[in-house]
There are 2 protein chains.
Amino acid sequence: MGKVVVDVTMSLDGFIAGPSPSLEEPLGAGGECLHEWLFGLKSFRERHGREGGEANRDSDLLEESFRSTGAVVMGRRMFSGGEGGWTDDPNAAGWWGDEPPFRVPVFVLTHHERSTVTMKGGTSFTFVTSDPEHALAVAREAAGDKDVSVAGGASTIQQFLRAGLVDELQLHVAPMLLGSGTRLFEGLGPDDVRLEALRTVDSPRVTHVKFRVVR
Amino acid sequence: MGKVVVDVTMSLDGFIAGPSPSLEEPLGAGGECLHEWLFGLKSFRERHGREGGEANRDSDLLEESFRSTGAVVMGRRMFSGGEGGWTDDPNAAGWWGDEPPFRVPVFVLTHHERSTVTMKGGTSFTFVTSDPEHALAVAREAAGDKDVSVAGGASTIQQFLRAGLVDELQLHVAPMLLGSGTRLFEGLGPDDVRLEALRTVDSPRVTHVKFRVVR
């Protein structure tokens, strides 16, 4: 059985999105800058159906995550590109276009029943209306021997951390302050999460730090 | 001329002290745990007049900071061990005992005039009642070719960062959440501080990340 991993980019002051997220800026003001380290990478571009890009340590590390992921869990806001993007129309697509970059089964936590949507390139969206434990069980089933990635947003990650469902946390810490927005660890404290450092990989654009979540 | 550096231990969720600091727990609840990586180190023990300890990469890195520091700037709460520790008695010592670990001239930002106190082991405390720029000028004078370390607390560090007076920021990121307390970057945003990663040093107990502060 694979692991349950959280893999997310955070500013040095603890934010994973900037303030005032909208459909135009789903990561809030300045939130796009957080992910600038990704856009030029070979493995990132491949996932998004584009050619070229840098083949460096960052790219390898991202490729490593892609390869080990067998299923993704996300909240409904991440699926729909923010609060304003959600619609009850069962036929409406998500924010991710015709060929989303996940390329594995994605399980969306929501209160609204919808049938599974199959996209191009290997991604499907299945809507799970029960609790995180159940969502995880079906995601594990789909992932087989591979890992389940809890992709976001923050409240979904916090729910999974608080419930003790996460095995590993990999943070890509970007050398910048956002000053406001969505904090990754909002509402969590030392009693909710205990960590043990596993690995740090340095790069000029971002520091990759991986932790085991201690039960 | 040396650099102006901030060198501080931060939890993964951005705190440099826990909640409810007191004279007994000047770093607040759980704040002492942040600094656990230090207590067993050879270079740390030496500074505190104790023998033994581990001579490892963490110890070398700390030694490097000690060696390069020619003067220290701190706020009055750091001098006196928190809000409750401050007294207007000009003869009262600070929180740091007879032989403080700084072993260089320390400049304390305060609204209260006091004469300089000379301690054992090379530390002196000089009280500076003007602005951070002036405090820095006298600290630079004392430091000679060496660096000036802006030691804390958080509000002093924030003042210096906001005023564009800091050249380098070294964070020792401890693999733990504090959940509440004093945030290092409280009130600062992308317009106040721009960073460029210089170096990451990994260790099982803490990740050392050093940044240049871009003017």
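**Notebook: a predicted two-chain model**

I began at the end of a helix: just after helix 7 of chain A, Gly164(A) takes a positive phi of about 70°. Helices here are DSSP runs of H or I with at least four residues, strands are E runs of at least two, and both are numbered from the N terminus.

A note on ground rules before going on. This is a predicted model, in which local features need pLDDT of at least 70 and side-chain atom pairs count only at pLDDT 80 or more, while totals for chains, interfaces and linings use all residues. Residues are numbered from 1 along each chain as its sequence is written, chains are lettered from A and ligands numbered from 1 in the order in which they are written, and side-chain values use heavy atoms, with hydrogens and water left out.

**Entry: helix 7 of chain A**

Next I traced an open sheet of 9 strands in chain A, with the order 5-6-4-3-7-1-8-11-10 and mixed pairing. Strand 5 (117-118) and strand 10 are its edge strands, each pairing on one side only. Two strands pair if DSSP finds at least two bridges between them.

How many of its residues are buried? I found 7 of its 7 residues buried, so I noted strand 3 as mostly covered, going by the under 20% cut-off.

Strand 3 runs parallel to strand 7 (residues 147-152), and 5 bridges join them. Along this pairing, Thr69(A) stands opposite Asp147(A), and Ala71(A) stands opposite Val148(A). Strand 3 also runs parallel to strand 4 (residues 105-109), with 4 bridges between them. There, Val73(A) has Phe107(A) as its bridge partner. A reminder to myself: in a regular strand the side chains alternate between the two faces of the sheet.

**Entry: where the chains meet**

I then turned to the interface, where 24 residues of chain A are in contact with 24 residues of chain B; contact means heavy atoms within 4.5 Å. The two chains bury about 2000 Å² between them, 67% of it on carbon and sulfur atoms. Buried area is the accessible area (1.4 Å probe) that two parts lose on being put together, summed over both.

I counted 0 salt bridges between the chains, taking a salt bridge as a side-chain nitrogen of Lys or Arg within 4 Å of a carboxyl oxygen of Asp or Glu. The rule does find 2 residue pairs in polar contact across the interface, both at pLDDT 80 or more. A polar contact is a pair of N or O atoms within 3.5 Å; within protein, one must be able to donate a hydrogen and the other to accept it, and residues adjacent in sequence count only if both atoms are side-chain atoms.

Strand 10 (194-202) of chain A is among the elements giving two or more residues to the side that touches chain B, and its 5 residues are the largest share.

**Entry: Ser43(B)**

Last, I visited Ser43(B), in helix 3 (residues 42-47) of chain B. Why does Ser43(B) count as buried? Because its relative accessibility is 3%. Its side chain reaches the backbone oxygen of Ser59(B) at 2.8 Å.

Conventions: Buried < 20%, exposed > 50% of the residue type's maximum accessible area, 1.4 Å probe, protein only.
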